[in-house]
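The model comes first, and my entries follow.

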Amino acid sequence: MPTTVLSGFTHNFLGNAPTWYKQVIILFLIINPLIVWTLGPAVAGWVLVAEFIFTLAMALKCYPLLPGGLLAIEALLVGMTSADAVYHEVLVNFPVILLLMFMVAGIYFMKELLLVTFTQILVGVRSKSALSLLFCAAAALLSAFLDALTVTAVIISVAVGFYSVYHKVASGKGYHHSDHNANSDEHVIELHREDLDKFRAFLRSLLMHGAIGTALGGVATMVGEPQNLLIAKVVGWDFASFFMHMAPVSLPVLVAGLTTCWLLEKLRWFGYGARLPKPVRRVLEEFADNERTKRTKADQAALWVQALAALVLVIGLAFHLAEVGLIGLLVIILITSFTGVTDEHQIGKAFQESLPFTSLLVVFFAIVAVIHEQHLFKPIIDFVLSLPQDQQPGMFFIANGLLSMISDNVFVATVYISEIKQALDAGSIDYEHFQELAIAINTGTNLPSVATPNGQAAFLFLLTSAIAPLVRLSYGRMVIMAFPYTIVMGAVGLFCVINLV
């Protein structure tokens with residue numbers, strides 16, 4: 001514990017982050033002004049981008065909003081960009097902020113419907129290969145119309161619920177005990193330990209199939225991932241035109257991804273293929289039946305309201321009846337009004353998942369403002385645009401994909417789409433070619449980024465969730481399990497971008 005006020009400040013700085021991490025961030029904050037004054041703002045800008053990517057890659061040590069925000073504030077103070085430039089970036093991308101604020105919160109109120117859906121799939125399908133395909137396909141379909149982060153959250157909720165139920169039984173308790181610690185195996189009966197380990201492996205594979213499914217579906221529509229809407233707004237696509245432009249890449253990749261899912265379960269490679277033990281299935285079926293009988297008429301009515309709201313959501317998006325974020329607000333109002341959610345604090349919980357990432361997105365825009373002010377990416381963009389025109393989409397796909405593996409794909413997409421928009425405005429490329437490059441950027445940031453948890457918010461959310469330690473899903477294990485998907489989705493995506501776009 002701190003013994004002086006100074007040590008208290010040191011202890012409080014970035015909270016529970018490792019000491020070495022705190023020292024690195026302080027070092028960044030010290031050297032940046034020195035680099036600006038000695039080597040110039042352009043060099044300092046590149047250093048800032050590298051530092052910011054470091055904070056994204058180290059997201060498990062400390063949420064990037066804090067160190068990244070400090071770096072962005074310092075960039076403003078030393079004149080690498082201006083508050084007006086940051087505000088302009090935020091204003092241009094305001095539809096994306098609306099999406100995160102209201103759409104994610106709107107889907108929060110549909111969780112019961114989604115939970116019922118995934119529970120029925122998990123209990124009702126006995127073939128592991130068919131179950132994995134259904135999980136992956138359902139996650140892809142839902143992510144195309146909803147939000148990958150929330151779909152992942154629902155899958156996690158299902159997994160946590162079922163894991164806790166069996167863990168209680170394996171510990172010699174009834175599944176209605178509320179004082180059970182699912183993190184400890186201390187009281188697990190020896191007879192059940194093998195089944196529990198198999199159940200963990202079973203859930204791990206389903207969680208990874210589901211997370212991959214959110215990427216497969218998320219690439220296809222303008223609401224699937226935050227950067228999709230950003231790209232759609234810059235290019236001028238609506239929901240239908242975005243889907244049509246992405247289809248030559250997204251649909252073949254979807255088929256390849258689902259095929260990979262089926263093959264992995266059949267071949268039992270890379271940690272997949274674990275079956276659900278019969279004793280575990282019996283416990284889960286009994287629990288699901290019990291939950292179904294407990295459902296009141298009011299609960300059933302609430303599920304119908306959520307289903308109708310989902311239909312309104314799909315129609316609103318398909319026909320672009322309003323801005324995406326406003327459709328999300330409509331969903332919030334409809335569901336809460338007709339399901340009895342009237343307390344301010346109940347409604348406030350829906351925004352807890354989205355607002356931290358919304359804040360981080362504004363910090364992204366501050367770093368993008370620095371990139372624009374200092375023209376950091378102009379030489380790279382000029383080099384790619386100097387290549388033969390038919391090679392450019394493939395190069396953009398590779399560049400975006402590699403950077404998205406170690407950084408956040410929203411940040412990467414924000415930078416690249418802004419740069420090629422400037423090239424379009426300058427007359428360096430025509431609008432048709434601009435659209436081709438936008439397809440390459442969208443698919444490049446969405447597909448290869450499944451390689452690591454750093455690339456996609458949904459994967460990072462899974463890694464930092466309550467279920468990860470329960471089923472022994474570590475960073476390294478996620479990378480290994482995502483590897484076959486990364487190769488297949490990346491290769492098929494690149495082939496389609498080169499040959500079909």
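I began with the second largest cavity, whose lining has 8 nonpolar, no polar and no charged residues (Ala, Val, Leu, Ile, Met, Phe, Trp, Tyr, Cys and Pro count as nonpolar, Asp, Glu, Lys and Arg as charged, and the others, Gly among them, as polar). A cavity is a set of points on a 1 Å grid over the protein atoms alone where a 1.4 Å probe fits but cannot get out, a pocket is an open set with protein on both sides within 12 Å along at least five of seven lines, and lining residues have an atom within 4 Å of a point.

I noted that the model is predicted, with local features needing pLDDT of at least 70, side-chain atom pairs pLDDT 80 or more, and totals for linings using all residues. Residues are numbered from 1 along each chain, and side-chain values use heavy atoms, without hydrogens and water.

L122, F135, I155, V158, A159, L203, L206 and L207 form its lining.

I then turned to the largest pocket, which has a volume of about 930 Å³. Among its 28 lining residues, K111, E112, L115, V116 and E291 are the closest to its centre. The lining comprises 13 nonpolar, 7 polar and 8 charged residues.

Definitions and conventions. Points joined across faces, edges and corners; volume = space filled by probe spheres on them.
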